[in-house]
Structure formats: structure tokens, C-alpha cells
Amino acid sequence: QAPGGGGVGGVYMGVCVDRTSDWRAAVRAQRQRIGQSTPSDELLRRPRPARDAFCAGALEAHSRIGEMVRRLRASHAAYVLDDGLNGLTEAERDALDGEGERVLGSSREAIERLAKSLAKSVGGGASAREADSGDAVAGEAVETRGGERGGQPQQHRKAMLDSLNDELRELGRLRDAQRASRLKRAM
């Protein structure tokens, strides 16, 4: 505890400060003292490598599924209420059901394509350097430095597929719950 009881609950909290510009200035000053020039590219981040086709497809599917899950959750209360109680109209429910069905179908197809791409990549042949740099594209095998196929990129892709399948199941569960409430009300 700090004397005088400052901070939160008498404890001073650490503050996160971006010191990057100070560090760059210190590097430039030190290099100038020793007579070396400082090219700016040594101090700036290198650009990230472009995403491969597998990652781009997985992120697109994740985004599509996540947006639909958010829409279903946000509209759930209005979906189960009658029109007279500020609920959704039948046309709005139909539109939401149709959109949910479309997203489920297209996402399921995208995940199947990604799974096929992953299955093909286990038997193909990208180099270890491409695997380490992230330049191997979906459909090419990833070989680790030890020569075995698979490795961390393949495990990451499998985990991405598992996550996408979990998200797809959640979307299906939400859609089924809303449709069940709609059918129950109709009876």
C-alpha cells in the first residue's frame, strides 16, 4: 500500500503507456553516438504476410455465423412475442428464418470445403520454409522442420474447423429454438 492512501483502495495501479516512440528515439540517438545510421525499416514493423485461402475462408465463415447468431439473439424476445405485443410480424419472422437457413447452408458448405482442403493438405507437399512463413496455401501439405507432415499449422487449422463447427451448432440450436416457439404458438 502506498502512503497517503492514493490509487485504488490505497494501492497504486500500474499504468500501461505506449513507449514505442521513446524507444525508437533512444535507438536513433544511440546509433548516432556510435556513428551508425538508422534505416527506418529496422525500427518499423514488417507487414504481416497475406492470409492464405484456408484462413481467409475460415474467417469469412466465422464472421457470417457470428453475425447471424448476434441477430438471432438480439431478436429472440421480439420473435417469441405476438404482433400485438410489439413482437415481429409473420413476414419479419419468415425473413429471419430464411436468412438463418441461408447462413446455415452456406456456412455448412464453406466448412465442408475447408475440411476437404485440410484433408488434401495432409497428403500434399509444401516446404518447411513455406509452412513456417505462413505462405503455404490451403490444399498444400505442410511439412514441419522434422520432416513429419502436420505440425502446428495443421493443428491450428483443425482447431479452427472445430471452432467453426461449434459455432454452427450454436446457430442451429438458436434457430431451432425460435422455430419451435413459432410452431408451438401456431398450434
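These questions and answers walk through a predicted model.

Trainee: Which residues does leucine 171 contact, leaving aside its neighbours within four places in sequence?
Mentor: Leu171 is among the residues with the most contacts inside the core, along with Ile65 and Leu164. Set its sequence neighbours aside, and the list is Ile65, Met68, Val69, Leu72, Val103 and Leu104.

Trainee: How far apart in sequence are the parts that arginine 179 and glutamate 101 tie together?
Mentor: Side chains of opposite charge can pair when their charged atoms come close. Arginine 179 and glutamate 101 form a salt bridge, with the closest N and O atoms 3.8 Å apart. Arginine 179 lies in α6 and glutamate 101 in α4, so the pair ties together parts separated in sequence by 78 residues.

Trainee: Glutamate 67 forms a salt bridge with arginine 70. About how many helical turns separate them?
Mentor: An α-helix has 3.6 residues a turn, so residues three or four places apart point the same way. Glutamate 67 and arginine 70 are three residues apart in helix α3, so their separation is about one helical turn.

Trainee: Is arginine 169 buried or exposed?
Mentor: Arginine 169 meets aspartate 166 in a salt bridge (2.3 Å, N to O). The cut-off for exposed is over 50% relative accessible area. Arginine 169 has 54% relative accessibility, so it counts as exposed.

Methods. Residues are numbered from 1 along each chain as its sequence is written. This is a predicted model: local features need pLDDT of at least 70, side-chain atom pairs count only at pLDDT 80 or more; totals for chains, interfaces and linings use all residues. Side-chain values use heavy atoms; hydrogens and water are left out. A nonpolar core is a set of buried Ala, Val, Leu, Ile, Met, Phe, Trp, Tyr and Cys residues joined through side-chain atoms within 4.5 Å. Buried means under 20% relative accessible area, exposed over 50%, partly exposed in between (1.4 Å probe, protein chains only). Contact means heavy atoms within 4.5 Å. A salt bridge is a side-chain nitrogen of Lys or Arg within 4 Å of a carboxyl oxygen of Asp or Glu. Helices (H or I, at least four residues) and strands (E, at least two) are DSSP runs, numbered from the N terminus.
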